[in-house]
Amino acid sequence: MIKSIAYLPIQKKTGIFYRMKVLKIFRPLDFVMLALFLAVAAASLFVLRIQADDKAFLLVNTPEGEFVYPLHENRELHLKGLLGDSLVVIQDGRAFFRESPCPNKICVQTRAVEHANDWAACLPNQVIIHVETSGKKDEPDATVR
């Protein structure tokens, strides 16, 4: 004889009846509130990312010193390091290593930096590029109590 559906262990946990019990826990307004929360969070991240990137600049550290370049102006930078010249290109709001005298060329293979706190480095040549925003440099990023 066929057993009833309630006694079958597979259908009890993964079948339609289990899903109906889970859905009864949540009310329709819960789904609306969750969707509203996710929409506000996504919009906030999008707006903050756009505002931060508008005022971004490229901070370059070399053995010769520290240099600052606006990220919105396209240009090629020939930077002197310990091994020779590294070529850094600023293009379309992004900066990347195009050429470098280092042996492995790992810096040339890294992705472009474009957002706040992104960085790339050619360690053998001691050239580091870092994206900063126009906020005050001496202020802390966060406060912990």
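A residue is called buried here when its relative accessible area is under 20%, exposed when it is over 50%, and partly exposed in between (1.4 Å probe, protein chains only). By that scale Glu-73 is partly exposed, with a relative accessible area of 35%, and of the 145 residues of the protein, 22% count as buried. The structure is a predicted model, in which local features need pLDDT of at least 70 and side-chain atom pairs count only at pLDDT 80 or more, while totals for chains, interfaces and linings use all residues. Residues are numbered from 1 along each chain as its sequence is written, and side-chain values use heavy atoms, with hydrogens and water left out.

The protein has four helices and seven strands, where helices (H or I, at least four residues) and strands (E, at least two) are DSSP runs numbered from the N terminus. Read from the N terminus on, the elements follow the order α-α-α-β-β-β-β-β-α-β-β. Helix α3, residues 28-54, contains Met-33, which is partly exposed at a relative accessible area of 48%. Together with Leu-29, Val-32, Leu-36 and Val-40, Met-33 makes a nonpolar surface patch of about 490 Å². Such a patch consists of residues with over 30% relative accessible area and no salt bridge, nonpolar side chains (Val, Leu, Ile, Met, Phe, Trp, Tyr) being joined within 5 Å and like charges within 9 Å; the areas come from the Shrake-Rupley method with a 1.4 Å probe, and for residues only the protein chains shown count as cover.

Among the strands, three form an open antiparallel sheet in the order β3-β4-β5, two strands being paired if DSSP finds at least two bridges between them. Its edge strands, each pairing on one side only, are β3 (75-80) and β5 (94-99). Six bridges join β3 to β4, residues 85-91, and within this pairing Arg-75 stands opposite Ile-90 in β4. In the loop between β4 and β5 is Asp-92, which has a positive phi of about 55° although it is not a glycine. Most residues other than glycine have a negative phi. Asp-92 counts as exposed, at 60% relative accessibility.

Three salt bridges are present in the structure, each defined as a side-chain nitrogen of Lys or Arg within 4 Å of a carboxyl oxygen of Asp or Glu. One joins the side chains of Arg-75 and Glu-73 (2.9 Å, N to O), and Arg-75 is partly exposed with a relative accessible area of 30%. Another joins Arg-98 and Glu-76 (3.5 Å, N to O); because Arg-98 lies in strand β5 and Glu-76 in strand β3, this pair ties together parts that are 22 residues apart in sequence. In the salt bridge between Arg-111 and Asp-118, the closest N and O atoms are 3.7 Å apart; Arg-111 counts as exposed at 59% relative accessibility, whereas Asp-118 counts as buried at 14%.
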